[in-house]
Amino acid sequence: YEELPAVFDPIEAMAAEAPILHGDTNILGKFRLIDGDVEAGFDASHLIVEETYSTQIIEQSALETQIAIAVPDGGGRVTILTPGSRPYAMRTDVARALKVDVEQVHILATPSGGAFGGKSDAWVEPACAVLALKVGRPVRAMYTRQEEFYASTVRHPIRMNYRSGVDREGRLLARDVTMHMDTGAYAALGEATLRKGTLLALGPYRIPNVRVQSYLVSTNNTVSSAMRGFGVPQACFAWEGHTETIAKRLGMDPFEFRMLNVYEEGDRTNSGQVLGSVGLKESMVKAREAFERGRSVGQ
């Protein structure tokens, strides 16, 4: 074997001199969301705050590790028992791996011992199917816990730069976000994660001028894919931490800052969606009341 150069940082993987994992570039996907005039919004701002956040790799660690059973019928068809979260997608993926029509593959979805997104991709199923058809006998494969950590998918680690502008009263006027998602050695469900993370990266706030630029980048790290929220929990960590910083620098109560800026019934999001049944303010008030009651009881 020839040991090839590796790259483990998504931003370094985008550099011209970085080793290329697949094709002509390590950038597997780009997504942009632009609404209003972000530079004009910053020009009109009383305060501009810029911060960078990052999240780490997380393994789903379901009680049940990756597992599948493949049963051949002797005529070229195979039945696969799997707790996978997307049986129809599994069928397509296995058929593609076997280079057969999807009618040759039958998926039986079994009860799952936890998934949290980690059983959305076909990993053991294609291998089981190949082996079962080769030997003509049922084949069962199950990852050990150690194998689960290095051979299954993880949550995308994301580098996120947030820059926001507010007026003197604390109203958000502009926000510029850049996201670098590390998808690891292969794409898996990275494009879906890129899209969802980008669309929701601005948080539940009315911001008239925004720009979000996101990149899905290949590295030599463990493959990233689906996990609870597809990129949104990582962004939520960033935008809420950023919210606290802005309020602190304004000398404003973080609760009041949020109440001033959060979406209300009938608001339009920056992606064009008109919101209905918005109970965010009411929920925030009730949550604060509950915390205050808890604090008074503790005292």
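Which strands does helix H3 (residues 87-98) lie across? The views below start there, after a word on the model. This is a predicted model, in which local features need pLDDT of at least 70 and side-chain atom pairs count only at pLDDT 80 or more, while totals for chains, interfaces and linings use all residues. Residues are numbered from 1 along each chain as its sequence is written, and side-chain values use heavy atoms, with hydrogens and water left out.

**View 1. Helix H3 lies across strand E4 (78-82) and E5.** The helix runs at about 145° to E5. Axes here are lines fitted to C-alpha atoms, for helices over the stretch in contact (heavy atoms within 4.5 Å); angles run from 0 to 180 degrees between N-to-C directions. Helices (H or I, at least four residues) and strands (E, at least two) are DSSP runs, numbered from the N terminus.

**View 2. An open sheet of 4 strands has the order E5-E4-E3-E6, with mixed pairing.** Strand E5 (105-109) and strand E6 (139-142) are at the edges with a single partner strand each, so one side of each has no neighbour in the sheet. Two strands pair if DSSP finds at least two bridges between them. From one strand to the next, the twist averages 15°. Strand E3 (residues 67-72) and E6 run antiparallel, joined by 4 bridges; Ile67 has Met142 as its bridge partner in E6. Look too for helix H4 (residues 124-135), which lies across E3, E4 and E6 and runs at about 30° to E3.

**View 3. A second open sheet brings together 5 strands in the order E1-E10-E9-E8-E2.** Its pairing is also mixed, and strand E1 (27-35) and E2 are the edge strands, each pairing on one side only. The twist here averages 5° from one strand to the next. E1 and E10 run antiparallel and share 8 bridges, with Leu216 of E10 as the bridge partner of Gly29. Helix H6 (residues 190-199) lies across E1, E9 and E10, at about 20° to E1.

**View 4. The largest nonpolar core has 30 residues.** Such a core is a set of buried Ala, Val, Leu, Ile, Met, Phe, Trp, Tyr and Cys residues joined through side-chain atoms within 4.5 Å; buried means under 20% relative accessible area, exposed over 50%, partly exposed in between (1.4 Å probe, protein chains only). Met160, Tyr162, Leu172, Val177 and Met179 touch the most other members. Helix H7 (232-250) is among the elements that each supply at least two residues, and the largest share, 6 residues, comes from H7.
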